[in-house]
Amino acid sequence: MNLKVKIKDFEFENPLMNAAGVNCYTIDELEEIRNSKAASFVTKTCTLNTRQGNLEPRYYENELGSINSMGLPNLGIDYYLNYLESLDGTYFLSVTEMNTENIHKILEKINESSFNGLVELNLSCPNIEGKPQIAYDFKTTDKLLADIFKYFKKDLGVKLPPYFDLAHFDIMANILNKYPIRFVNSINSIGNAIIIDENDTVVIKPKNGFGGLGGEYIKPTALANVNAFYRRLNKDIKIIGTGGVNTGRDVYEHILCGAYMVQIGTRLQKEKSKVFERILNELKEIMKEKNYNSLDEFRGKLKTL
Ligand SMILES: C=Cc1c(C(=O)O)[nH]c(=O)[nH]c1=O
């Protein structure tokens, strides 16, 4: 059974990896994933300088998923870049910044480095007070990508927020199809949700309890975003599916919708890196039952009525 995935010239043993932000803040956490059954990892989204992030409590989970307003705590681009430059194999470096000028600064730094993996440009962090999610501003996103591809020579994809209007999928896909983007990762957490506890109180402190929703809550939206972009994007822009993955069946559904790599977030936070072996085995069982020998045989084959 062949579980290999190819994005541009990069080949992965299987489709599984972590979602940015989960179990990927320190080198130790990244090494744990690297030594698990996951085929790759992505770093915590990093910025030019280290960041403390938001006040705690800033993460909460229940049986249906999670809510977070971490506020982009990270150890800074140099920490992750130095580590990545020491590795063989193909990994993802997630980056963002607070304004487009600094996004160019961090990408120019990567451009000059010997990093040879894929950059995941995060255009969708919902938890920076006073900062809108870049990818909800189509004009800014278009201009940013046009400027990036004037100088950026390495392999880059984008992490998108969920969209909820078919016209927005059309607009965003038309923008993305203009650029040599290697992948689109859908979705980031669903921004600005709230969860209330039994004391009539929100469960996280930042932003009056408004935070990014993850886990089972968001799978239907994640699958729809994966399939909407799969239907609209040039076939050389691969889709990475993120959101609501708890089982092999969830991975199967993401791939059915068009995903190549599939990222695991909340469930990894709950189960730690042994989750990759369990979910990989569950995916293999499903493929055996359906007599599939490779992911290509069912990728994008979602049926409609
Ligand atoms: C990079 C910041 C993000 C964060 C965060 O650090 O608060 N949480 C998310 O759910 N998604 C993000 O993209």
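Two strands pair if DSSP finds at least two bridges between them. Helices (H or I, at least four residues) and strands (E, at least two) are DSSP runs, numbered from the N terminus. This is a predicted model, in which local features need pLDDT of at least 70 and side-chain atom pairs count only at pLDDT 80 or more, while totals for chains, interfaces and linings use all residues. Residues are numbered from 1 along each chain as its sequence is written, and side-chain values use heavy atoms, with hydrogens and water left out.

Start at strand 8, residues 155–160. Six of its six residues are buried, where buried means under 20% relative accessible area, exposed over 50%, and partly exposed in between (1.4 Å probe, protein chains only). Asp155, Gly157 and Lys159 point one way, Leu156, Val158 and Leu160 the other.

Strand 8 has parallel neighbours. Strand 7 (residues 118–122) pairs with strand 8 over five bridges, in the parallel sense. Asn122 has Lys159 as its bridge partner in strand 8. From strand 7 the chain runs through helix 4 (residues 138–148) to strand 8, a right-handed β-α-β crossover. Right-handed here means that, with the strands pointing away from the viewer, the path from the first strand over the helix to the second runs clockwise.

Strand 9 (residues 183–186) also pairs with strand 8 in the parallel sense, over four bridges. Leu160 stands opposite Ser186 of strand 9. The chain passes from strand 8 through helix 5 (residues 166–176) to strand 9, and this β-α-β crossover is right-handed.

Now the charges. The structure holds 19 salt bridges, each a side-chain nitrogen of Lys or Arg within 4 Å of a carboxyl oxygen of Asp or Glu. One of them joins Asp155 and Arg182 at 2.5 Å, N to O. Asp155 lies in strand 8 and Arg182 in the loop between helix 5 and strand 9, so the pair ties together parts 27 residues apart in sequence. Both residues, Asp155 and Arg182, are buried. Salt bridges with shared partners also join Lys219, Arg249, Asp250 and Glu253 into one network.

Another pair is Lys105 and Glu101, at 3.6 Å, N to O. Both lie in helix 3 (residues 100–111), four residues apart, about one turn of the helix. Lys105 is partly exposed at 42% relative accessible area. Glu101 is exposed at 52%.

Lys4 and Glu13 meet at 3.1 Å, N to O. Lys4 is partly exposed at 33% relative accessibility, and Glu13 is exposed at 51%.
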